[in-house]
Amino acid sequence: FDVENPNITPGLSWLLTSSFWGIYDADNTTLWETGIFEGNFGLVVEVDDGWNTVSVPGINPDGQGVNIWWPGKDPASSVYKMLGASYTPVTTTIPGEGYWMKHFGANVYNTGDEWPEGGIQIIPNDPIIAGAGWNLIGGYEIVVETASLTTTPTGLISGIIYSYSDNYQIATTLEPGRGYFVKLNGAGQINMPGGIAKGSGELVEHFNEDWGRLIITDNAKKNFTLYAVNEETDLEFYELPPIPPEDAFDIRFGSGRIAENLKSGNHTIEM
């Protein structure tokens with residue numbers, strides 16, 4: 001590439017949490033617009049044994065079929081997307097959508113191994129069309145912080161953004177190749193920020209230290225924590241995403257929430 005201003009010293013930084021590199025200005029802070037990078041990018045995605053929420057952040061030169069993206073998927077189980085409040089099986093994938101995928105054993109998918117050595121083709125980071133309620137989405141080739149997501153119209157994101165890895169987990173970033181549950185209070189668009197996330201990525205404290213905790217562990221040592229809260233808490237904020245496909249690990253109050261005010265009466269726990 002050509003140097004626009006030979007009087008400025010170029011800076012080069014490795015992004016340790018990403019499978020690609022970016023060029024910064026000499027201040028080592030300002031990232032060049034990602035649109036300058038054209039072509040393909042490297043991708044590394046870890047999947048667990050059993051159910052995973054996944055996505056495709058670009059175009060696989062070998063094809064967009066579910067068996068091409070995840071050749072180790074359980075052949076007896078479909079890959080599902082969300083359609084309204086239900087899960088619908090798919091055979092081909094679309095960037096921006098998220099999916100439930102059941103895998104045989106844990107694996108690390110990598111360009112040059114399961115995926116083409118030349119990388120995955122970059123596509124425009126278009127806004128994601130989403131409906132009211134829960135949506136299962138995926139990001140693109142860059143890591144972005146969930147706190148930096150915006151919507152059109154504004155202010156549609158409601159509650160906590162979750163991913164799934166053995167159980168539902170709060171997501172602070174959207175990683176390429178993973179799937180995420182985002183709840184909207186109305187139909188609209190989810191907008192991906194320009195540039196690469198350089199924030200702290202720290203977990204926002206959604207659960208007070210003085211709240212009660214119910215930790216439930218199964219025989220495979222998978223566990224999940226439910227919370228007992230006070231009367232002032234907005235319980236709607238703590239709604240969990242829809243129940244996963246059958247035989248996936250899931251713990252929740254009968255209300256579908258991760259937190260409840262136990263002083264309000266008896267509550268069931270669904271496992």
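Me: Is Trp 115 buried or exposed?
Reply: In this predicted model, Trp 115 has 3% relative accessibility, so the residue counts as buried. The cut-off for buried is under 20%. Tyr 109, at 1% relative accessibility, counts as buried as well.

Me: How many aromatic pairs does the structure hold, and how is such a pair described?
Reply: Two things describe a pair of aromatic rings: the distance of the centres and the angle of the planes. The structure holds 21 aromatic pairs. In one of them, the ring centres of Tyr 109 and Trp 115 are 5.5 Å apart and the planes stand at 25 degrees, so this pair is stacked.

Me: What are the distance and angle for Phe 207 and Tyr 238?
Reply: Phe 207 and Tyr 238 form a tilted pair, 5.6 Å centre to centre with 45 degrees between the planes. Phe 207 sits in the loop between strands E19 and E20, and Tyr 238 in the loop between strands E21 and E22, so the pair ties together parts 31 residues apart in sequence. Both Phe 207 and Tyr 238 are buried.

Me: Which residues have a positive phi although they are not glycine?
Reply: Most residues other than glycine have a negative phi. Asp 166 has a positive phi of about 70 degrees; it lies in the loop between E15 and E16 and is partly exposed, at 31%. Asp 247 has a positive phi of about 80 degrees. Asp 247 is in the loop between E21 and E22 and counts as exposed, at 54% relative accessibility.

Me: Where is a cis peptide bond found?
Reply: Most peptide bonds are trans. A cis bond joins Thr 152 and Pro 153, with omega about -5 degrees. Pro 153 is in the loop between strands E14 and E15.

Definitions and conventions
Residues numbered from 1 in each chain as written. Predicted model: local features only at pLDDT ≥ 70, side-chain atom pairs only at ≥ 80, totals over all residues. Heavy atoms only, no water. Phe/Tyr/Trp six-rings, centres within 6.5 Å; stacked < 30°, edge-to-face > 60°. Buried < 20%, exposed > 50% of the residue type's maximum accessible area, 1.4 Å probe, protein only. Helix = DSSP H or I, 4+ residues; strand = E, 2+ residues; numbered from the N terminus.
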